[in-house]
Amino acid sequence: MSFTLREHTADVAVEAAGDSLGDVFAAVANGLTAAMCDEVAATGDRFSLSVRAESREAALFDYLDELIYERDVRGVLPADHDATVRQEGAEWVVDASARGVPFADVTARDVKAVTYSEMRLEEGDDGWDAYVVFDV
Amino acid sequence: MTTREFGDIELRRVREHVWEIPQEGEMNAPARVLASEALLEQIGQDKTLEQLRNATHLPGITNHAICMPDGHQGYGFPVGGVGATDTTDGCISPGAVGYDINCGVRMMTTNLTYEDLQGKEAELVEALFDAIPSGLGGGGVVTGDAETIDDILARGMEWAVDAGYATEDDLAHCEDEGFRDDARPEFVSQKAKDRGRNQIGSLGSGNHFLEVQRVTDVYREDVAESFGLEADQIVVLIHCGSRGLGHQTCTDYLRRIEKEHADLLDDLPDKELAAAPAGSELAEEYYGAMCAAINFAWVNRQLIMHRTREVFADVFDRDWREMDMRLLYDVAHNIAKKEVHEVDGEDRELYVHRKGATRAFPAGRPELPPAYADVGQPVIIPGSMGAGSYVLRGGDSSLDLTFGSTAHGAGRLMSRTKAKQEYWGETVQEELREQQKIYVKAQSGATVAEEAPGVYKDVDEVVRVSDELGIGDKVVRTFPVCNIKG
């Protein structure tokens, strides 16, 4: 899986790719981390999170929103993301984990929120691609 | 007829600085861009015009969707966008307010002159940076329990007065006297409150900052005198918003609209324009929650101003009251408010969405505090940390052209990723100090690079257009002395 930070006039965009839905979700999350911090310390404990939503795109949105929420309430920078995504009936379920790097160990900038603006989540011949704009 | 084309969008020149995208297809109104030729050329380079055209699809949009002179691409609704929708058969759009509800600026005046400050710049910038929480995880001036959060959400600056962080005079010099009585804390989610509790009184990061400035130019002596401004005076400008609480509130309601009003959303060209139909339960709940977040943001800026007063007292070794540190005005940039405006000869109540735009009411509007009732409200337009900022007053033409609005800043020109390739934070800081005597202190060099003066449009041009259109009249120009960023 991989990600690239893309240009956006005021905010920041992440373009990501992964072999599976879970991989591409985690790749976008790694892009979110990179948008907040240039050098991530190798400290912190892993924590888990889970979301369920009515569509794949909504699941990606809620997953990234939950990471931003956990960042603020735990006081950590979520990094080194893992995620699996599965369908349960009409819902999409994301089970994920991240390493929570204490803010004291990094110099990080705020990303306010995930947006639906220009969001893309598509399956191609080589796996999944995603494009997400974050509000800075 | 003069026209300009950007991609598939054609704009027709209505008159100087006024351009129109005619109504066609599914648009519910035409769109207008208020810009000089030079600014329009910049506005046309990204997706601003496409987003503005999309905004005309909002139900009940009245007259025009309007882009201010500093407009640029945002998400959904463009930054620098103004859209008024009918409160009975229109809609309210969290996407047209933005995530940072009541992101805004305030200016505090002092009786200090630049000469009083010279020699103390380094000490002052360090002291401000130490005292005022900023960046990610920097905490807040206050850590609130559940009761405190609800009190702040319900009462805004009135809470700050009771808690000893504000004076009655501060309330009298804030938009809406520092609190929205439509606030409904019960419609703000627990998640949002969780995020806000340790961020009360914090700058955050991005383009938010605190800047000590000196007044360099006075354009309208009589208005400046009414505002208590004069040449060489030291003032303080604070720019920040409702922090995680506001961001989460917007996110929560975007998702609820997606689930509960999918039909309306399907008719809009961009999901980020998410809107709730006027009169729906969701519209009422969002309005109550948004007003609560507005209150939170006012308290946020008030606590930072309180700390600033304490820092000045330490550095200048005298009580802040002796330095006459008064709130000039506090204006919101990201907001939707019920306001009455004349449309086709009739008074109508509208939700006026301003996203990256400032209310600019002229003299005579009933909403203005007594101090500005006869002169028009102060409008504060921050420039970059290497350029001037402006204080305007609400212009007489603003009610006809922009539902009483003008620009909110210089407007970005360059992306953050490109800025970090073009600039090195430490070099920018050194050049500002050595060449312009501006002292900058930030959490990281990357923040300074992302906010380097060269990434912004020419604030002088933005203000010139506002002044010539008569939507916001130039009063004074200021120039940075010290700047802190998250």
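Biologist: At what angle do helix α5 (residues 146–155) of chain B and helix α12 (residues 281–316) of chain B pack?

Modeller: This is a predicted model, in which local features need pLDDT of at least 70 and side-chain atom pairs count only at pLDDT 80 or more, while totals for chains, interfaces and linings use all residues. Residues are numbered from 1 along each chain as its sequence is written, and chains are lettered from A and ligands numbered from 1 in the order in which they are written. Helices (H or I, at least four residues) and strands (E, at least two) are DSSP runs numbered from the N terminus, and axes are lines fitted to C-alpha atoms, for helices over the stretch in contact, with angles from 0 to 180 degrees between N-to-C directions. The axes of α5(B) and α12(B) are 6 Å apart, and the angle is about 100°.

Biologist: Which residues in α12(B) does α5(B) meet?

Modeller: Two residues are in contact if their C-beta atoms, placed from the backbone, lie within 7 Å. From α5(B) come Ile152(B), Leu153(B) and Arg155(B), and they meet Ala292(B), Asn295(B), Phe296(B) and Val299(B).

Biologist: What distance separates the end C-alpha atoms of α12(B)?

Modeller: The expected span of a helix is 1.5 Å times one less than its number of residues. For the 36 residues of α12(B) that should give 52 Å, which agrees with the distance between its end C-alpha atoms, 53 Å.

Biologist: Turning to chain A, which strands are the edge strands of the open sheet?

Modeller: Two strands pair if DSSP finds at least two bridges between them. The open sheet has three strands in the order β3-β5-β4 (chain A), with antiparallel pairing. Each edge strand pairs on one side only, and these strands are β3 (45–53) and β4 (76–88) of chain A.

Biologist: Over how many bridges do β3(A) and β5 (residues 91–102) of chain A pair?

Modeller: Within this pairing Arg52(A) stands opposite Val93(A) in β5(A). The two strands pair in the antiparallel sense, and the number of bridges is nine.

Biologist: Which element gives the largest share of the side of chain A that touches chain B?

Modeller: In total, 29 residues of chain A are in contact with 37 residues of chain B. The elements that give two or more residues to the side of chain A are α2 and β8 (127–135) of chain A. The largest share, five residues, comes from α2(A).
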